[in-house]
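This report sets out how a single structure is put together, for a reader who has the sequence and coordinates at hand. Please look at the model below before reading on.

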Amino acid sequence: MPDKLRLVLMSCCAPCSAGAIKQLADGEISGIDDFIVLFFNPNIFPTDEYDRRLAEQVRYCEKLGVKYAIGEYDHAAWRNAVRGMENAPERGPRCSACFRFRFEYAKKWAAEHGYNAISSVFGVSRHKDQSQVDRAGCITLSDKYMPIKWDEQLRIAINKTADFYRQKYCGCEFSIRPDVKKAPNQEKFVLIR
Ligand code: SF4
C-alpha cells in the first residue's frame, strides 16, 4: 500500500456526486489522505447538455471548496468505444464499455497527476447497476479501484434542498427516452435520475 492514499473521484454530475463529495470533504471515508473530483464525461450528448452538467459540477465543488479537474470532451472517441452497441439497453454492454472508457482515462490521468486510487459515482442512480460499474472498475484499474459504498441517504437529503440542474437521461444520445407518460405541455423526456 502507498504511504498516502490520493483518490480520484470520477463524477458524472452534481446530483449523483453530491453525497460522495460531501463525505470525502468531511473526512468520513477513512484512509483517504487527499482527493480530487474528475469530470470526464465525453459520453454526454449534446454539448449544451454537457455544458450544463459541467457547470453544475463546478458550482458544487467550488461551494464545498474541493479540488476538481475536467477531462477532454471528445464525443467522437467515445462513439468509437461503443460502436456496435448503440442499441443495447441501459445496464447492457454499451454501459460496460462506457464505464471502461472513462476508467481508462482516469487511470492515465491519475498516474500523470500523482493519484493512486480511483472511485466513482457511476452506480448511484437507481437506473444503474453498481456491480456492473464495479466489474468495469476492477477489470480496468485492478488494485487501483476503490469500490466505495456511498451514503445514499445523504445524497438524497442534499438533493432535496439543492437547486441542482437535474438531467432527464443518463448522458449519451442512446439513453434519451421518449416520455411514455407525456401529456400536453409537459417535458419531452422522462426524468431518470
Ligand atoms: S446510458 Fe449512460 S452509462 Fe450507458 S452508455 Fe449511455 S451514457 Fe454511458
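Predicted model: local features only at pLDDT ≥ 70, side-chain atom pairs only at ≥ 80, totals over all residues.

On the side of strand 2, Arg6 has Asp34 as its bridge partner and Leu7 stands opposite Phe35; on the side of strand 4, Met10 has Ser120 as its bridge partner. Four of the five residues of strand 1 are buried, so this strand is largely enclosed by the rest of the structure. In strand 4, Ala117 and Ser119 point one way whereas Ile118 and Ser120 point the other way, and all of these residues are buried.

## The nonpolar core

The largest nonpolar core comprises 39 residues, and those with the most contacts inside it are Val8, Leu9, Met10, Ile21, Leu38, Ala106 and Ile118. Two or more residues of this core come from each of strand 1 (6–10), helix 1 (14–25), strand 2 (34–39), helix 2 (47–64), helix 4 (93–113), strand 4 (117–120) and helix 5 (130–141). Helix 4 gives the most, with eight residues.

Ile118 illustrates how separate parts of the chain meet here: when residues up to four places away in sequence are not counted, Ile118 touches Val8, Met10, Phe103, Ala106, Lys107, Ala110, Leu141, Lys144, Tyr145 and Met146.

Val37 lies in strand 2 and counts as buried because it has 26 C-beta neighbours inside 10 Å, where 20 or more are required. Leaving aside neighbours within four places in sequence, Val37 is in contact with Leu9, Ser11, Ser17, Ile21, Cys61, Val66, Lys67 and Tyr68. Val37 and Ser120 are 83 residues apart in sequence, yet their C-alpha atoms are 9.2 Å apart in space.

Ser119 belongs to strand 4 and likewise counts as buried, because 25 C-beta neighbours are found inside 10 Å. With neighbours within four places in sequence left aside, the contacts of Ser119 are Leu7, Leu9, Met146 and Ile148.

Most residues other than glycine have a negative phi, and most peptide bonds are trans. The peptide bond from Phe45 to Pro46 is cis, with omega near -5 degrees, and Pro46 is found in the loop between strand 2 and helix 2.

The other two sites are residues other than glycine with a positive phi. Arg91 has phi near 80 degrees and sits in the loop between helix 3 (75–81) and helix 4; with 12 other C-beta atoms within 10 Å, Arg91 is exposed. Ser142 has phi near 45 degrees and is placed in the loop between helix 5 and helix 6 (152–161); with 9 other C-beta atoms within 10 Å, Ser142 is exposed as well. Both residues are classed as exposed because the limit for that class is 12 or fewer such atoms.

## Around the ligand

Which residues are around the ligand? They are Asn43, Glu90, Arg94, Cys95, Cys98, Cys170, Gly171, Cys172, Phe174 and Ser175. By type, the residues of this shell divide into five nonpolar, three polar and two charged.

Key. Residues numbered from 1 in each chain as written. Near = placed C-beta within 6 Å. Nonpolar A, V, L, I, M, F, W, Y, C, P; charged D, E, K, R; others polar. Core = buried A, V, L, I, M, F, W, Y, C linked by C-beta atoms within 7 Å. Contact = placed C-beta atoms within 7 Å. Pairing = 2+ DSSP bridges.
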